[in-house]
Each structure stands twice: as C-alpha cells, then as structure tokens.
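Q: Can we go through this structure together? I'd like to start with the sheet and then jump around a bit.

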Amino acid sequence: MTKIHPVIMCGGSGTRLWPRSRKTMPKPFLPLVGDATLFEETLARCSDAGQFAAPTIVTGAAHLAHVEAQLSHEGARIVVEPEAKNTAAAIALAAALLPDDAVMLVCPSDHHIADVPAFRAAAQAAAALAREDRMVAFGITPTHPETGYGYILRDEELAGGFAVERFVEKPDLERASEFLAHGGYSWNGGIFAFRAGAFMAELARHRPALADAVRSAVAEGREDGARFHPAPEPFAQIVSESVDYAVMEETDRAAMVPVSMGWSDIGSWQSLRDARLADDGGNRVRGQADLVDCRNVLVDSDGPRVSVIGLEDVAVVVDGDEVLVTTMAGSQKVGNLTGAKNQ
C-alpha cells in the first residue's frame with residue numbers, strides 16, 4: 001500500500017476561543033478537549049506508520065516554536081511560510097515539495113475527531129480517489145442544521161465516494177434545515193486529499209499566477225534541518241485565497257468521501273462545550289466551579305472559583321486577568337470583542 005502523506009496546517013489568530021486562545025498561543029497548541037493539544041491529536045491520527053508517511057507541517061514563524069515543542073514525529077518536515085497567504089498557497093507549498101505521485105491528506109491542526117478508525121478509513125477511500133486525480137473533500141455527516149459551515153452536495157456515486165455537484169456557502173438557518181432534510185448535503189470540514197502533481201496542475205489551470213509564485217518560492221527556498229523556508233519575494237506576490245475558491249469550486253474533478261467521525265472544528269465556545277464530556281445536566285467544567293440548577297453550562301477557569309446559579313446555555317471563561325461571559329448563541333461573536341481583536 002502506498003503511504004499517504006499528511007499535510008498539517010498550523011496557524012490561527014486566537015480570536016474565536018479568546019481569552020483561552022490567544023494570538024501568541026492559538027487553539028491548535030492548547031489541550032482543549034483531552035490531555036493532548038489539538039495539534040498533537042492531529043499528529044496522532046496520522047501516526048500509523050503502515051498507512052501514513054512522515055507529516056509535512058505548514059506554519060508561520062510565529063508558531064514555529066509551538067510546532068517544534070509538540071512535534072515528536074521523526075522525519076517530519078516543517079514548511080515555514082514567509083507570511084500568511086491562506087490555504088491554497090499553504091497546500092501548494094507542500095504539494096510542490098512532495099513527489100508528483102504522492103497522495104496528500106490535508107488536515108487542519110485545530111479540529112477534534114472522536115472516531116479515529118472512521119477517520120483513517122475515510123482517508124484510505126479519499127486516497128484511492130486522489131490517485132485517480134480527483135480533488136477529494138471529506139464530507140462530514142451533518143448532525144444538525146449548522147449555519148457556521150459550508151456544505152457539499154453530492155452527485156453521482158464513485159468507488160468509495162461521490163462526485164460533487166456543488167459547494168455551498170454557509171447558509172442561513174432555514175436553508176441549513178432544508179439541507180439536513182434533503183440528505184444529500186454534507187459539511188465541508190476542510191479536510192482534503194490530492195495527488196500532489198494533480199493538485200499543482202489544477203492550481204496552474206485555475207490560478208496560474210499563484211502556482212507560478214509557489215513554484216518560484218520553492219525553487220529559490222532554503223533548507224534548515226527539518227525546516228524549509230520558501231523564498232519570501234515570490235511568495236509575497238501571491239493573492240491570498242482559500243483552496244475552496246481557488247481549486248475546489250473551479251475544478252471538474254471534485255469528489256467527496258462521506259464520513260461520520262465525531263468531528264468538530266472547535267470553532268466556538270459552544271462547539272468546544274459540545275466536544276467535552278458532560279455531567280447529567282449537560283454541564284462541562286474545568287477548574288474550580290460550583291454550579292446550582294444549571295443546564296448546558298460551560299465553565300473553564302485557570303484559577304478563580306466560578307459560581308453559577310440557575311443559568312442555561314452560557315459559557316464562563318477565566319484566563320489570567322481576562323473573564324468572558326457569553327450565551328452560547330452569542331459565542332460566534334467573541335472574535336469581535338475588543339480584547340480578542342486588539343491582542
């Protein structure tokens with residue numbers, strides 16, 4: 001079996017889970033669900049040496065120390081982006097450094113996946129389609145009408161998956177409910193599989209300037225032990241764009257593999273609450289806390305005792321000298337707070 005090459009994307013601005021997550025220590029590098037950090041969990045999912053090759057980590061200089069402190073995998077390569085240019089460029093850097101026939105499994109470093117065997121089975125199915133030069137997305141089985149994710153509508157059946165009819169932007173609640181009832185829509189979890197050469201060919205077809213700039217940045221780049229530093233001058237010419245817009249929504253080779261694996265992007269305090277184990281009232285507590293007559297409350301304190309009475313669906317977070325109190329409905333707006341924006 002040809003091994004799959006994990007490409008792990010490490011970054012983040014530390015705003016959505018502020019104040020626990022900060023610009024200097026964003027959520028991939030925090031132990032938010034279990035004892036391991038989300039980055040360490042991602043590495044562990046791709047650690048089966050019979051299935052996976054050594055990973056390629058794509059990160060920026062600001063997070064390099066965190067990556068190296070938590071990376072224990074021998075043979076791993078760290079690509080240090082000169083500046084953040086979104087996911088299309090980050091994936092292209094890894095693709096340009098790998099052999100053309102290498103199958104890449106692109107994984108965000110800040111997701112939680114409860115069912116690792118299901119993830120690995122989906123990775124095998126996606127890799128098989130990628131070897132046929134399909135641009136493959138994981139299609140996460142939706143569990144509720146979520147408005148915070150993009151969606152994928154499946155088309156004709158393929159071996160191990162489906163062709164993609166279209167990608168859909170984040171919907172409002174009414175449309176999300178319609179998608180759930182339809183049964184043919186999946187969440188777009190941002191996990192992809194590509195043959196490296198096929199990805200670069202599709203990128204060159206749809207975004208030739210981006211592909212040329214990445215190839216130049218790699219050709220003129222330099223090795224530094226396990227680190228690879230792309231040349232900053234050509235990389236600076238790249239127009240920032242997500243892989244969804246640059247490739248997935250443009251290609252006629254898009255495919256998806258459906259998977260139910262207990263996935264969460266841990267994109268808000270509500271999604272973090274839902275990923276943690278609950279008591280009989282649905283409450284989740286880390287740190288010192290007293291809860292009376294509460295339901296579905298999240299308390300996360302690194303020191304002071306938090307006391308809550310008679311509340312439902314709220315989060316109380318204490319991190320150093322910062323305190324956040326929000327309803328779960330309002331948790332998507334945490335990044336708009338002054339403290340989160342002005343880090």
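A: Let's start with a definition: two strands pair if DSSP finds at least two bridges between them. Also keep in mind that this is a predicted model.

Q: OK. What is the order of the strands in the open sheet of 4 strands?
A: The order is β14-β16-β18-β19, and the pairing is mixed.

Q: What does pairing involve in general?
A: Strands of a sheet pair through backbone hydrogen bonds, in either a parallel or an antiparallel way.

Q: Back to this sheet. Which strands stand at the edges?
A: β14 (284-286) and β19 (322-327) do. Each has a single partner strand, so one side of each is left without a neighbour in the sheet.

Q: And how many degrees does the twist average from one strand to the next?
A: The average is 5°.

Q: In which sense do β14 and β16 pair, parallel or antiparallel?
A: β14 pairs with β16 (residues 298-301) in the parallel sense, over 3 bridges. As for individual residues, Val285 has Val299 in β16 as its bridge partner.

Q: Now helices. How are two packed helices described?
A: By the angle between their axes and the distance between the axes.

Q: So what is the angle for α3 and α6?
A: Helix α3 (residues 86-97) packs with helix α6 (residues 196-206) at an angle of about 135°, and their axes are 9 Å apart. The two are therefore oblique to each other.

Q: Is that crossing left-handed or right-handed?
A: α3 passes α6 in a left-handed crossing.

Q: What about α3 and α7, at what angle do they pack?
A: The angle between α3 and helix α7 (residues 208-219) is about 50°, with the axes 9 Å apart. That makes α3 oblique to α7. The crossing of α3 and α7 is right-handed.

Q: Changing topic: how many cavities of 30 Å³ or more are there?
A: The count is 1. About 40 Å³ of space lies in the largest cavity.

Q: Which residues line the largest cavity?
A: Its lining consists of Thr42, Arg45, Cys107, Pro108, His111, Ile113, Phe119 and Ile191. By class, that lining has 5 nonpolar, 2 polar and 1 charged residues.

Q: Which elements supply at least two residues each?
A: α1 (38-45) and β4 (103-108) each supply at least two residues of that lining.

Q: Where does Asp133 lie?
A: Asp133 is in the loop between α4 (116-130) and β6 (135-140).

Definitions and conventions:
Residues numbered from 1 in each chain as written. Predicted model: local features only at pLDDT ≥ 70, side-chain atom pairs only at ≥ 80, totals over all residues. Heavy atoms only, no water. 1 Å grid on protein atoms, 1.4 Å probe; cavity = no way out; pocket = protein on both sides within 12 Å on 5 of 7 lines; lining within 4 Å. Points joined across faces, edges and corners; volume = space filled by probe spheres on them. Nonpolar A, V, L, I, M, F, W, Y, C, P; charged D, E, K, R; others polar. Axes fitted to C-alpha atoms, helices over the stretch in contact; angles between N-to-C directions. Parallel < 35°, antiparallel > 145°, perpendicular 65-115°, else oblique. Left-handed = near helix turned anticlockwise from the far one by under 90°.
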